[in-house]
Amino acid sequence: MSVEKRNVVIIGAGPAGYAAGLYAGRAQLDPLLLTGREIGGQLSLTLDVENYPGYPGADAAGLIETMQKQAENFGTEVRIDYVTAVDFGSHPFRLEAESGAEIEAKSVVIATGSSPRQLGVPGEEMVGRGVSYCATCDGFFFREKRVVVVGGGDAALEEGMFLTRFASEVHVVHRRDQLRANVTLQDRAFKNEKMRFIWDSVVEEILGGDEGVYAVRLKNVKTGETSEFETDGVFIFIGHEPNTQLYEGQIELDDKGYIVTDKLQQTSVKGVFAGGDVQDYIYRQAVTAAGTGAGAAIEAERFLAELENRAYPGLTRD
Ligand code: NAP
């Protein structure tokens, strides 16, 4: 297979990747967007989106589809393929994909996002049989059932309260006796009579059989006592991990594993930019991801203009 040569390769198909595609496409850079395995990124774990400006209260799948079409309309080639290796050590950069494709890129925009953090306990592999990382995707299956939510942050409470629409009881298991979630959410959660709290406790094992999950083994971290707690489902919301394994040793990552970027979405390698949750553990919103993805593409265009000594047709900075 011959080596394909591109101006810009965008890795990732969430809001950051599609916004980068839209901007790089409009700049006539003929960008290639490699989707990875999760088209839509974390939006694909959501049913409704009500906080994307201009898109009030509609389905997440529709938003993703619209983003993809808009990028394609301006010339972005969207290809379903998974990047398996990158080499940013020399320019042009090199990428390899699962299909066997080898690509040479003058610039790269990384938009590989983040994924839900796992507990790492036995039984967690029962995803789809009682274990879930997405209330909006799976809550419907727990009508009048008892579920456990693990975590004490905003996501645990927000998703837990969403689950009370279906479940008869939602038990939040938190490893401390104080929640991390903001006080407004805490107030709402404490007032919701379907929400219950199990403090100072961790899930040591998720127990299940052919029929799926039937209980969790809990350990009280203060007393060391263990107990079995019957439940039909376990929803895990303990934060996220950035999808950056591919870039280890290639670009600078921070102590949490996120890509370090400056205000111009530039990584530690000139010509490699990043946008979205892969470089942001603070906001993690579809709209902020789209914003930084667009910024990364604008800067990739500027980088190429300087590299090739052509007029820079985009925005001026300073
Ligand atoms: P988070 O704020 O990092 O909270 C993670 C929670 O999981 C914490 O309570 C943490 O316990 C617990 N935890 C972490 N690892 C654990 C483990 N191995 N076992 C048991 N518990 C564990 O994550 P998040 O709730 O996903 O929120 C992430 C960001 O998105 C935050 O900035 C948040 O404000 C934002 N967000 C906002 C909203 C909203 O505003 N509506 C909704 C969702 C998310 P400790 O407290 O003991 O550390």
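The model is predicted, so local features need pLDDT of at least 70 and side-chain atom pairs count only at pLDDT 80 or more, while totals for chains, interfaces and linings use all residues. Residues are numbered from 1 along each chain as its sequence is written, and side-chain values use heavy atoms, with hydrogens and water left out.

Back to R94. Its side chain meets that of E104 in a salt bridge, 3.6 Å from N to O. The term salt bridge stands for a side-chain nitrogen of Lys or Arg within 4 Å of a carboxyl oxygen of Asp or Glu. This pair links distant parts of the chain, with R94 in strand 7 (residues 93-97) and E104 in strand 8 (residues 102-110), 10 residues apart. Strands and helices are DSSP runs numbered from the N terminus: E and at least two residues for strands, H or I and at least four residues for helices. E104 is buried, with a relative accessible area of 19%.

How many salt bridges are there by this rule? The count comes to 19. Another of them joins K222 and D177, at 3.5 Å from N to O. Those two are 45 residues apart: K222 sits in the loop between strand 15 (212-220) and strand 16 (226-230), and D177 in the loop between strand 12 (169-173) and helix 5 (183-191). K222 is exposed at 58% relative accessibility, and D177 is partly exposed at 46%.

Some salt bridges share partners, and in this way E4, R6, D30, E77 and R79 are joined into one network. E4 is partly exposed at 22% relative accessible area, whereas R6 is buried at 10%.

Next, V78. This residue belongs to strand 5 (residues 77-79) and is buried, with a relative accessible area of 19%. Which residues does V78 contact, leaving aside neighbours within four places in sequence? They are Y18, L33, T35, Q68 and E72, where contact means heavy atoms within 4.5 Å. From V78 to L33 the C-alpha atoms are 4.8 Å apart, although the two residues are 45 apart in sequence.

Last, the ligand. There are 17 residues around the ligand, and D154, E158, R176, R180 and R284 come nearest. A residue is near a molecule or strand if one of its heavy atoms lies within 4 Å of it. By type, the shell divides into 5 nonpolar, 6 polar and 6 charged residues. Helix 4 (residues 154-163) gives the most to the shell, with 3 residues.

On individual atoms, a polar side-chain atom of D154 is 2.5 Å from a ligand oxygen. For R176, a polar side-chain atom lies 2.7 Å from an oxygen of the ligand. G152 has a polar backbone atom 3.0 Å from a ligand oxygen. Taken alone, the ligand exposes 910 Å², and the protein buries 73% of that, with areas from the Shrake-Rupley method and a 1.4 Å probe.

Methods
A polar contact is a pair of N or O atoms within 3.5 Å; within protein, one must be able to donate a hydrogen and the other to accept it, and residues adjacent in sequence count only if both atoms are side-chain atoms. Ala, Val, Leu, Ile, Met, Phe, Trp, Tyr, Cys and Pro count as nonpolar, Asp, Glu, Lys and Arg as charged, and the others, Gly among them, as polar. Buried means under 20% relative accessible area, exposed over 50%, partly exposed in between (1.4 Å probe, protein chains only).
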